[in-house]
Amino acid sequence: MAVLAGLAAICGAGNAREAGPHDAVAGVTPKYVAAPGFTEEVAAVLRLAADQALTVVPRGTGTKLAWGAPPRSVDLVLDTTRLARVVEHAAGDLVVVVEAGTRLDTLQETLAAHGQRLALDPPSGGTVGGTVAANAAGPLRLLYGTARDLLIGATVVRADGVVARAGGKVVKNVAGYDLGKLFTGSYGTLGVITQAVFRLHPLPAARVYVTRTVADAAEASRLVQAVLRSQLVPAALELDLPRPGGPATLVVLLEGAPAGVPARAETLVALLGGDARAGEEAPPWWGRHPFGPDDIALKIAYPIADLEAVMTALAGAGGLEPTLRGSVGTGVLHAGLPGDADPAAVARLLGTLRQALRPWGSAILLQAPPAVAVDRWGDVPALALMRRVKTQFDPAHRLSPGRFVGGI
């Protein structure tokens, strides 16, 4: 009870409590939940956790909490949802400073009122901090990149409670920028992100989706290469494959000025041929993962030219029929399988994919039930360096222990 009393003294009596089953992180139930409201309170919580040797897992809305390996232990869930303020929006400079617990949809509504957006559209939604921690991105990653590309500054709190700031509010300011990159995609293992500074983009005045049915893997690869070699500058290039070996749907998003987008769309329809057609509405699956919260999920990264090899490997998945969807223009796909799929078959599929993707690609098991007992990350060439970085930032390995590659 002394720990709970200390957390309540920092965060307020209503913002610290004992944890319950619904607070579990990938099946591991914590002892406490604390919801600090300011960076200084996050620092105080982490100092208390350090003093009491508590393991800590940060959590926003929890949309990506099942991603990664289950933690070796978790004593305290640090809930960031009270850190939900837009600190500064410099509309003239196309820059926003926002707290990590802010929901992405709320931030986009605020920015849209000024004709701007943060060009991040991860299917999982969630908070700013969770998006950065997982380096999550959606269809717009083709033109605008991921969180790592749009982040120009960050405030983080180390495991010992020390606050560190990197970057700035000017896009050209690169001082400390590498710290922001380091924390992006670190799955909460290096520190707790409390604020992020992003560069923004104007909202497009016009959007058109060009859709084409694709017969097989070879045709999909050919069409993707044709779009990428063109001068049409697509904002997104997505593929949806409900069943391996079956027909797929390729959709290209064009954005820009009303005077130019229709002509570009007409050119694209001619380039794609077949049943290509243009429309103003996205397909129902656009911007959604091909898996649900109880499904098995894979993330596949590959050289763009290897799309056919990836689709072929999935088609021969040994009785499994994963649904495939993602950004074929950037070489990132997600695959979904039912949660009760045979664990041995899932392990074989991962092995097949990793073998086909060597040496430049990867197949990550994002989420799965405990019965799928395989290495979720596969070979990581820089693992020794990553372990040294982890030890430098978190010597006692108390932050999200075991969640990341190599048990980091």
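This is a predicted model: local features need pLDDT of at least 70, side-chain atom pairs count only at pLDDT 80 or more; totals for chains, interfaces and linings use all residues.
Ala236, Glu238 and Asp240 point one way. Leu237, Leu239 and Leu241 point the other way. Both sets are buried.

Now its partners. E13 pairs with strand E14, residues 248-256, in the antiparallel sense, over five bridges. One of the pairs is Ala236 with Leu253 of E14. The two strands make a hairpin, with six residues between them. Look at Gly245 in that turn: its phi is positive, about 85°.

E13 also pairs with strand E17, residues 323-327. Again the strands run antiparallel, here with four bridges. Asp240 has Arg325 as its bridge partner in E17.

Next, helix H11, residues 343-357.

Which residues of H11 are buried? Ala345, Val346, Leu349, Leu350, Leu353, Arg354 and Leu357. Note the arginine in that list, Arg354. As for the spacing, an α-helix has 3.6 residues a turn, so residues three or four places apart point the same way. What covers the buried residues of H11? The cover includes strand E16 (296-301), helix H10 (307-315), strand E18 (332-337) and strand E19 (362-367).

The largest pocket has a volume of about 1200 Å³. Its lining has 46 residues, and the closest to the centre are Ile364, Trp377, Val380, Phe404 and Val405. Helix H7 (177-183), E16, E18, E19 and helix H12 (383-393) each give two or more residues to this lining. By type, the lining divides into 26 nonpolar, eleven polar and nine charged residues.

The second largest pocket holds about 260 Å³. It is lined by 13 residues, and Ala26, Gly27, Ala66, Ala368 and Pro369 lie nearest its centre. Seven of the lining residues are nonpolar, three polar and three charged.

Then the cavities. How many reach 30 Å³ or more? Two.

The largest cavity has a volume of about 390 Å³. Of its 27 lining residues, Pro58, Arg59, Gly129, Gly130 and Ala133 are the closest to the centre. Strand E3 (56-59), helix H4 (128-134) and strand E10 (192-199) each supply at least two. H4 gives the most, with four residues. The lining counts eleven nonpolar, 13 polar and three charged residues.

The second largest cavity is about 120 Å³. It has 16 lining residues. Nearest its centre are Pro123, Glu238, Gly326, Ser327 and His334. E17 and E18 each give two or more residues, and E17 gives the most, with three. Six lining residues are nonpolar, six polar and four charged.

That brings us back to E13. Glu238, a buried residue of that strand, lies among the residues nearest the centre of this second cavity. E17, the strand that pairs with E13, gives the most to its lining.

Notes: Residues are numbered from 1 along each chain as its sequence is written. Side-chain values use heavy atoms; hydrogens and water are left out. Buried means under 20% relative accessible area, exposed over 50%, partly exposed in between (1.4 Å probe, protein chains only). Contact means heavy atoms within 4.5 Å. Two strands pair if DSSP finds at least two bridges between them. On a 1 Å grid over the protein atoms alone, a cavity is a set of points where a 1.4 Å probe fits but cannot get out, and a pocket is an open set with protein on both sides within 12 Å along at least five of seven lines; lining residues have an atom within 4 Å of a point. Grid points are joined across faces, edges and corners, and a volume is the space filled by probe spheres set on the points. Ala, Val, Leu, Ile, Met, Phe, Trp, Tyr, Cys and Pro count as nonpolar, Asp, Glu, Lys and Arg as charged, and the others, Gly among them, as polar.
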